[in-house]
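User: Could you take me through one part of this structure slowly? I'd like a close look at the core and the sheet beside it, in plain words.

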Amino acid sequence: MWYFVSPQIVFGEGALDALDEIKGQRALIVTDATLVRLGIADRIKAHLDRAGLETRIFDGVEPDPSVETVRRGAALASEFGPDWIVGLGGGSCMDAAKAIWILYEHPEMEPGEINPILPLGLRQKARLITIPTTSGTGAEVTWAIVLTDTAEGRKMGLGNRENAADLAIVDPALVMGLPPRLTADTGLDALTHAVEGYTCAWHTDLTDGLCLQAARLVFRYLPRAVADGSDAEARERLHNAATCAGLGFGNALASLAHAMGHALGAVFHVPHGRAVAIFLPYTIEFAAREAPERFAELESLLGCSPVTGEPGARALAARIRALIRDVGNPLSVAEAGIVRAAYEAQLDKMVDDAFNDTQMVAAVRAPSYDELRRLYVYAYEGREVDF
Amino acid sequence: MAIRFPSDEWIKELKEQLNASEAYERSAKDWEGDFVFVVEPDGAYPHTAYLFLGLLHGKCTEAAVLSSPDERKAEFVISAPFSAWRQVIEGRLDPIQGMMTRKLKLQGNMMKIMRYPKAAKEIVACCARVPTDFGQ
């Protein structure tokens, strides 16, 4: 027994017009200062104005949003009384919006209490719209919430099926002209979702197709979107890929690359997509020795050529490395600019944090502490995994 | 020789397996919290059983069958029918997924458990190492 959760999704050119039809009184837009400065928040506000909604903007969301930020947003929501919360931005903004919504409905709750088995009884005060402005996170369709506990320097994986959005609006107009580095980082995040969603122990028949199609789209369109940010076809297909991957892994789970990337990101503030993509080929090579089947199957489908076993899984890792190199992203932690001494000083903490990351439960080959430590070292040095 | 589940002998063998597991010790080194596992009757098992497992800092401190759930206070109580426990012990039901789908009903702080997924996996691995007779 398992669940498949999805919001209603409006996607493609002109999808933002769906906001004109929203019924309600007040909407709180949860976003960041950059999107306000770029005028994106005002574009959304204009649509909501046409729908007759009064709007307020909370633009205090930072990358890797903290518990404190979410509390501030919830306080504003309580004061304003919206019947819609609109999460606008990348994963940080949309995750913050989900948490702000929950705390608005349940002011007595601590963010750390948001978990998958607690009946939340949401939608008494408001409903949630998510609008991604990058093509990667998939947070517009997932119920996961990642917040940072700033006291412990640790990311917390929270969420409940109830806090999936009511409506996700996936409009490629919002990602036209994104800079190449942001495009590459977020696109590789989508790829990591697709690959880990397809290969993790929690994958299902309902998620496999979504993950496969997402991976195909990223391989085909990410290099084009990085090379030419105004390539409309590439932008739209990549935007769709991120949502497909979100539906896929969001209804399965991610895996080891995410666990390792979360731990790295919490300490060194490497952008999420860049961090998880660095680790992805190494974790595939690690799994290849004992559980290569799903990786080889994915490689067969992507390459239209049957491969099996460990060589097949390693071919997938090589294919991913080629894409990472092609879009100009780092293939190792060292290439990401992290100083070795600083990395080694944090190694024990990262190993501990990765071990206790929720995504670890779905790894098809679970590493021991020593193996996980070696994986971090190999990923730093850019060495192909041979254990 | 296989040990009958649920029984005092079975839970004590699980204690032995946990205390022999370096992986469990490492993954649960900060863990503090005892469990009562409630085995509820179903078509395959007609009784109710309460298994107590004391867990502290990567070690199992105590394991025993209880005569009632009130005999020992535990931070976490997980209840499920016999057949669901069998699925967990045989590795066919991930305990985290089991709790998320409420096939395993948890009383206690889910987020505390979610912070120790590796330890949860290691407990299941130790369960699998107990030669178990499910009585059929």
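The largest nonpolar core has 87 residues, and Leu53(B) and Ile96(B) touch the most other members. A nonpolar core here is a set of buried Ala, Val, Leu, Ile, Met, Phe, Trp, Tyr and Cys residues joined through side-chain atoms within 4.5 Å. Buried means under 20% relative accessible area, exposed over 50% and partly exposed in between, with a 1.4 Å probe and protein chains only. Helix H4 of chain A (residues 91–105) gives the most to this core, nine residues.

Quick ground rules: this is a predicted model, where local features need pLDDT of at least 70 and side-chain atom pairs count only at pLDDT 80 or more, while totals for chains, interfaces and linings use all residues. Residues are numbered from 1 along each chain as its sequence is written, chains are lettered from A and ligands numbered from 1 in the order in which they are written, and side-chain values use heavy atoms, with hydrogens and water left out.

Let's zoom in on Leu53(B). Leaving aside neighbours within four places in sequence, Leu53(B) is in contact (heavy atoms within 4.5 Å) with residues including Ile11(B), Leu14(B), Phe35(B) and Cys60(B). Apart from this core lies another one of 72 residues, Leu191(A) and Tyr343(A) among them.

Now for the sheet. Chain B has five strands in an open sheet, ordered S4-S3-S2-S5-S6, with mixed pairing. Helices (H or I, at least four residues) and strands (E, at least two) are DSSP runs, numbered from the N terminus, and two strands pair if DSSP finds at least two bridges between them. Strands S4 (59–66) and S6 (105–107) of chain B stand at the edges with a single partner strand each, so one side of each is left without a neighbour in the sheet. From one strand to the next, the twist averages 15°. Axes are lines fitted to C-alpha atoms, for helices over the stretch in contact, and angles run from 0 to 180 degrees between N-to-C directions.

At the S6(B) end, S5(B) (residues 76–81) and S6(B) pair in the antiparallel sense over three bridges. Val77(B) has Gln107(B) in S6(B) as its bridge partner.

Helices join in too. Helix H3 of chain B (residues 82–89) packs on the sheet, touching S2 (35–40) and S5 of chain B, and its direction makes about 105° with that of S5(B). Helix H1 of chain B (residues 8–19) lies across S3 (49–56) and S4 of chain B, at about 175° to S4(B).
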